[in-house]
Amino acid sequence: MLAILLKTLPFFALIALGYVAGRTRFFNQDATAYLTKFVFYFALSAMLFRFAATLEFAQIWDPHLSAAYLTGTVVVYVIATIVGTMRGLDAETTAIEAQCSVIGNVGFLGLPMLAVLLGEAAVGPIIMILSIDLIVFSSLIVILITGSRDRRASFGMVRTIGLGLVKNPMIVAISAGLMWSVLDLPIPTPLNDFLLLLGAAATPGALFAIGASLASKSAERVEIAGWLSFCKLILHPIAVALSAFFLFPLTPFVFAVLVACAAMPVAGNVFMLAQHYGVAPQRVSAAILISTAISVITLTAVIGWVA
C-alpha cells in the first residue's frame, strides 16, 4: 500500500499544486479555462490519437470488458436514481446525481495515471471505458434532461447528441487513430515525435488543470456530495468488480484496469453539463471537490489491491 501511495503521490501532488495556484489567484479562472482547453483539444487528443493509431482494434474492443463495465455501472446508476427519486428530486436533478455516481475522471486522471502505473498495455481497455462514458452516458444524460423538459423525443435532441459526439476531441482523436490503425498506416517519424512531444504535456497539464479548476469549486451541501462521492469511489468499483468477476471472463490485468477506472473521482465534464443545463451545478461542484480529495486514499487503495 505504501509503495503504491508513493507512486500515486506525484500525480496528486500535481493536482494539489494546481489547486494552490488557483486558490492564490496566481492561476485565475480564465487561465484555468485556457489550460483545460489546451489539454482537452491538443495534448490529450495527441496522446489518444497516437495510442489508438499504434494499437490494433482487437486490443481496444473487448465485448466482455464492455459488458462488465456497463453492467456494474448501470447497477450504481439505478441505485442513485432510486435514492434521488425517494428524496423527491425532479427528473433532471436525479439524472445529474446519477451521472455523478458513475462518471469518473478517466480522461484527465485515469489515462495519464494508469498508463504510467500499470503500463501502456492498460491504454486499450482505458480507451474502451472512456468511449463508453463519452458515447453511452453522455448521450443518456442529454436524453433524460431534454426528454424531461420536452416530454418527448425530438430531432433537436438527436441533433444535440450527434453534435456533442462529433465535436468531442477525445472521440475524434480515438476514431481517427483507430482508422489509421485499421488502414495499417505507419506513423512517419516526424509526426510520431510531434505527437509524443505534444502528448507528453497531457499528464502534467491535465493534473494541474484538475487542481486549478477545483479551486473554484465549493463544498456546499456536503451530505449530498458525500453520498455521491460514496457512490463513485466505493459502490462503483465494487459493482464493476463483482460484475467482472462473476459474470464475464476477463484476464487479471484487464480486470485490474477496469476496477481502477471505476474508482476514479467524479469527472469535471459532469459539472460542465450541469452548468450548461442549469441543473444543480453547486451540488456537482461539491461532489467533484470532495471525491477528488478522498480519492487520494480510496484510489490508491484500489490500485494497490488490483495491482
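Good morning. I begin with Asp 184, which sits in the loop joining helix 9 (169–182) to helix 10 (189–199). Please keep in mind that this is a predicted model. Asp 184 has a positive phi of about 55°, although it is not a glycine. Its relative accessibility is 68%, so Asp 184 counts as exposed.

Arg 25 is another residue other than glycine with a positive phi, here near 65°. Arg 25 lies in the loop between helix 1 (2–23) and helix 2 (29–54). Because its relative accessible area is 60%, Arg 25 is exposed.

Let me turn to the chain as a whole. The secondary structure comes to 15 helices and zero strands. How does the radius of gyration of the protein chain agree with that of a compact globule? For 307 residues, a compact globule would have a radius of gyration near 19 Å, and the protein chain has 19 Å, so the two agree. Along its principal axes, the C-alpha trace spans about 55 × 45 × 40 Å. Among contacts with a separation of 6 or more, 85% come from residues 24 or more positions apart.

As for burial, 53% of the 307 residues count as buried. The accessible surface of the protein chain comes to about 13,900 Å², and carbon and sulfur atoms hold 71% of that area.

Helix 13 deserves a separate look. This helix covers residues 252–262 and is mostly covered, with nine of its eleven residues buried. Those buried residues are Val 254, Phe 255, Ala 256, Val 257, Leu 258, Val 259, Ala 260, Cys 261 and Ala 262. In general, an α-helix has 3.6 residues a turn, so residues three or four places apart point the same way. In helix 13, the buried residues include every position from Val 254 to Ala 262.

How many disulfides does the structure hold? The count is zero.

Thank you for your attention.

Key:
Residues numbered from 1 in each chain as written. Predicted model: local features only at pLDDT ≥ 70, side-chain atom pairs only at ≥ 80, totals over all residues. Heavy atoms only, no water. Buried < 20%, exposed > 50% of the residue type's maximum accessible area, 1.4 Å probe, protein only. Helix = DSSP H or I, 4+ residues; strand = E, 2+ residues; numbered from the N terminus. Rg over C-alpha atoms; globule rule 2.2 N^0.38 Å. Contact = heavy atoms within 4.5 Å. Areas by Shrake-Rupley, 256 points an atom, 1.4 Å probe, with all protein chains shown as cover. Disulfide = S-S within 2.5 Å.
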